[in-house]
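Look at the sequence and the model side by side. The report below picks out a few residues and contacts to find in them.

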Amino acid sequence: MYHELKSTLYHGTISKITDVDVTAGRSRKDFGKGFYMAVSKQQAIGMMHKKYREAVRRSRNKENAVFHEYLYEVELNLERLNHMKVKVFETADSEWLDFVLMCRKKGGMPHDYDFVAGATADDDTALCLKAYEEGLYGETGSPQAKETLLKNLEVENLGIQYFIGKQNVADTIIKSIREIDWR
C-alpha cells in the first residue's frame, strides 16, 4: 500500500481552519480522536461532502446556507517524524483491524503513537464492524470472524489516511495548511 509517506495531503471539512486543533475531532474514530488527512484529494472531497450532509441532517433542515464546504491542502515536514513514534499500517490486515477496533471501542487517544498512517475505514466498514461485534461473522475476536470481516471490507478499495492525535505533533510537523478550490 505504501512505498513512501506523502508530504502533501488533503483535509475536507465544513469548518474554516486557520490552525489545526486536534481536539476538534470526534472520538471513536479509526486511529483515535485527532486530525485526519487523506492522501487522495478525491477522498478528502468525499469526506467533506459527507460532513456537509451530516450537518444538514442534524440541523433538521434549517437554513442550509449556514454550512460551507472547505478543502485544505496540508504540507507536512516528514523529516520531523524521524524523532517521533510512528505507526504505518502497510495493509488493512488483522493488526490494522485490531488497532481500529481498539480505537473505536475505547475512544479518545487510546495509544501513544504520534503519527499513524493506514487504510481508511469508511461507512461500509462501520456496518461490517457492527456485524462483527454482534457475532454475525462468528465468535467476536476469533480468527475466523476477523478473516470474514477483512474479506467483507474489500480492503483493496479503502483509501489511505494519516492521523495526528497530539497537538504538539501537529504544531511540529504541519508546515502549512491552506484552503484550495475543490470544484
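Asn 77 touches Ile 173 and Lys 175, leaving aside residues up to four places away in sequence. Asn 77 sits in the loop between β3 (70–76) and β4. Its relative accessible area is 18%, so Asn 77 is buried, because buried means under 20%. Keep in mind that this is a predicted model.

Strand β3 holds Glu 73. Is Glu 73 buried or exposed? Its relative accessibility is 15%, so Glu 73 counts as buried. Which residues does Glu 73 touch, not counting those up to four places away in sequence? They are Thr 8, Leu 9, Tyr 10, Ser 176, Ile 177, Arg 178 and Ile 180.

Now turn to Leu 127. This residue lies in helix α3 (residues 123–133). At 59% relative accessibility, Leu 127 counts as exposed. The cut-off for exposed is over 50%. From C-alpha to C-alpha, Glu 73 and Leu 127 are 30 Å apart in space, and 54 residues apart in sequence. Leu 127 and Leu 153 are 26 residues apart along the chain, and their C-alpha atoms are separated by 9.6 Å.

**Trp 182**

Trp 182 lies in the segment after β7 (174–180). Its contacts are Ile 45, Met 48, His 49, Glu 69 and Leu 71, again not counting residues up to four places away in sequence. Take Glu 69 from that list. Trp 182 and Glu 69 are 113 residues apart along the chain, yet their C-alpha atoms are separated by 8.9 Å.

**Two helices**

Two packed helices are described by the angle between their axes and the distance between the axes. Here the helices are α2 (residues 94–106) and α4 (residues 143–152). They pack at an angle of about 95°, and their axes are 10 Å apart. The two helices are therefore roughly perpendicular to each other, because angles of 65 to 115 degrees count that way.

Which residues meet at this contact? From α2 come Ser 94, Trp 96, Leu 97 and Asp 98. From α4 come Lys 146, Leu 149 and Leu 150. The residues of the contact of α2 with α4 divide into 4 nonpolar, 1 polar and 2 charged.

**Aromatic rings**

A pair of aromatic rings is described by the distance of the centres and the angle of the planes. How many aromatic pairs does a search of the whole structure find? The search finds 10. Two of the pairs are set out here.

| Pair | Distance of centres | Angle of planes | Arrangement |
|---|---|---|---|
| Phe 31 and Phe 163 | 6.4 Å | 75° | edge-to-face |
| Phe 89 and Phe 99 | 5.2 Å | 55° | tilted |

Why is the pair of Phe 31 and Phe 163 edge-to-face? The planes are at 75°, and planes over 60 degrees apart count as edge-to-face. Phe 31 lies in the loop between β1 (8–13) and β2 (35–38), while Phe 163 lies in strand β6 (residues 160–164). The pair therefore ties together parts that are 132 residues apart in sequence. Both Phe 31 and Phe 163 are buried.

One aromatic cluster takes in Phe 31, Tyr 36, Phe 89, Phe 99, Tyr 113 and Phe 163.

**Arg 28**

The loop between β1 and β2 also holds Arg 28. Arg 28 has a positive phi of about 60°, although it is not a glycine. Its relative accessibility is 46%, so Arg 28 counts as partly exposed.

**Cysteines**

How many disulfides does the structure hold? The count is 0. A disulfide needs the two sulfur atoms within 2.5 Å. Cys 103 counts as buried, at 0% relative accessibility. Cys 128 is buried too, with a relative accessible area of 12%.

Key:
Residues numbered from 1 in each chain as written. Predicted model: local features only at pLDDT ≥ 70, side-chain atom pairs only at ≥ 80, totals over all residues. Heavy atoms only, no water. Buried < 20%, exposed > 50% of the residue type's maximum accessible area, 1.4 Å probe, protein only. Axes fitted to C-alpha atoms, helices over the stretch in contact; angles between N-to-C directions. Helix = DSSP H or I, 4+ residues; strand = E, 2+ residues; numbered from the N terminus. Parallel < 35°, antiparallel > 145°, perpendicular 65-115°, else oblique. Contact = heavy atoms within 4.5 Å. Nonpolar A, V, L, I, M, F, W, Y, C, P; charged D, E, K, R; others polar. Phe/Tyr/Trp six-rings, centres within 6.5 Å; stacked < 30°, edge-to-face > 60°.
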